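Please look over the model shown below before reading the numbered points of this note.

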Amino acid sequence: MTASPSAGPATLYWIEAGEERHALWRSESGGQPPRRVVVADDTMSADSAYRLANEGTGLLWRGDFQNARQLLQALTRRMDKKKPDVKGRAGKKTAAAGKTVAKRADPLEDFPHAFHMHRQARAQRARVLNMILLPFEAGHVLPLRRAPDVREACEQAHGPATQPYVASLRELLGLIGAWQWREQGVPVPALGGARIHPWYGVYSPVRGEYLDLVAQAPLPADHGLAYDIGTGTGVIAALLARRGVARVVATDQDARALACARENLARLGCGDRVQVEQADLFPAGRAPLVVCNPPWVPAKPSAPVEYAVYDPDSRMLRGFLDGLAAHLTPGGEGWLIVSDLAEHLRLRSRETLLEWIAHAGLEVAGRLDARPSHGKVRDTEDALHAARSREVTSLWRLRAR
């Protein structure tokens, strides 16, 4: 059956016991409901489920919850066995001619293609694995055998549920993982080990090198006020307040991020020094310090939750640069925190970044660099390892010319 073509929340349709049924469709990733749905339970084999999922058929689960998790694991193993080679490595034989391709002078030359192939492969993998669907009753109740109580995890992400709906098992597991992160918090060494509690869909500060740069950069002589643009969890605003900035105005345009930041700042005892505002980039006025950590990769997000990672056409980066001079007090500094991963992926050049800085009437007063230490830097099986292994995160100190 097809999804409802009308505006508003999507609806999932299916046939069960000879009757047409329907329910609200929920997808935090922005995915559309499958056009065809079959009812599945513990009797369905992994091979049958894999074939149907590859065809784009949703499997509405009526069996045991733990068996559904095992089925998802089986589909994941099958997808991983089919993992395509998107590394763009030189020196491989072509399938058509059986000839060895000469090595390129620059092993990263093929990375724009490799990056887009990597994203396509990940999107296809997600589409298949999202085909195991779960029925929820009002109040986020799962009416399945051995199902956990997921009400709190779902309500934190979705809000109240006043009617039944259907969502993917894989997405539910993501909600549960995010809820656990929010409950436990993420320790931040730059905050003396204090924990930040990220909400679902708000970027978690798991990469500490950029926060170490914020902790090390010399504050302007006048540090009575700072702006934190795109605050997210509020971690940079908290760090600035703890470094002695008397007042911080933290902005974001996402309602979930704003609530997350307010909660974290209150928990850390910074709520009286940090004002959280909804704004597209800058608040009104000028400040001697303006800090921005935009998404680092100039690519189009494939889901709403990816806007913290991908900045289409570098819109946030360029918006920050273009508006910075007008929001700095005389002699003030803007701190741009950005990785050069996009440069290694050939998605944006260093020359382009410097041109944007100059065109915005800015000059570079200094730069602090750090090498990331996250797991993918060492993962040689990662499709983008050659680029990630060269990545450097920088804090650019910018001033108006």
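Predicted model: local features only at pLDDT ≥ 70, side-chain atom pairs only at ≥ 80, totals over all residues.

1. Residues are numbered from 1 along each chain as its sequence is written, and side-chain values use heavy atoms, leaving out hydrogens and water.

2. The whole structure holds zero disulfides (pairs of cysteine sulfur atoms within 2.5 Å). C260 is buried at a relative accessible area of 0%, and C292 is likewise buried at 0% (buried means under 20%, exposed over 50%, partly exposed in between, with a 1.4 Å probe and protein chains only).

3. The largest nonpolar core has 58 residues, of which L240 and L321 touch the most other members (a core is a set of buried Ala, Val, Leu, Ile, Met, Phe, Trp, Tyr and Cys residues joined through side-chain atoms within 4.5 Å). Its largest share, seven residues, comes from α7 (helices, H or I, of at least four residues and strands, E, of at least two are DSSP runs numbered from the N terminus). A second, separate core of 38 residues includes L24, W61, A74 and L175.

4. In α6, the buried residues are E209, Y210, L211, L213 and V214. They pack against α7 (235–242), β13 (328–339), β14 (362–370) and β15 (393–400) (contact means heavy atoms within 4.5 Å).

5. V206 lies in the loop between β8 (195–196) and α6 (209–216). V206 is partly exposed, with a relative accessible area of 46%.
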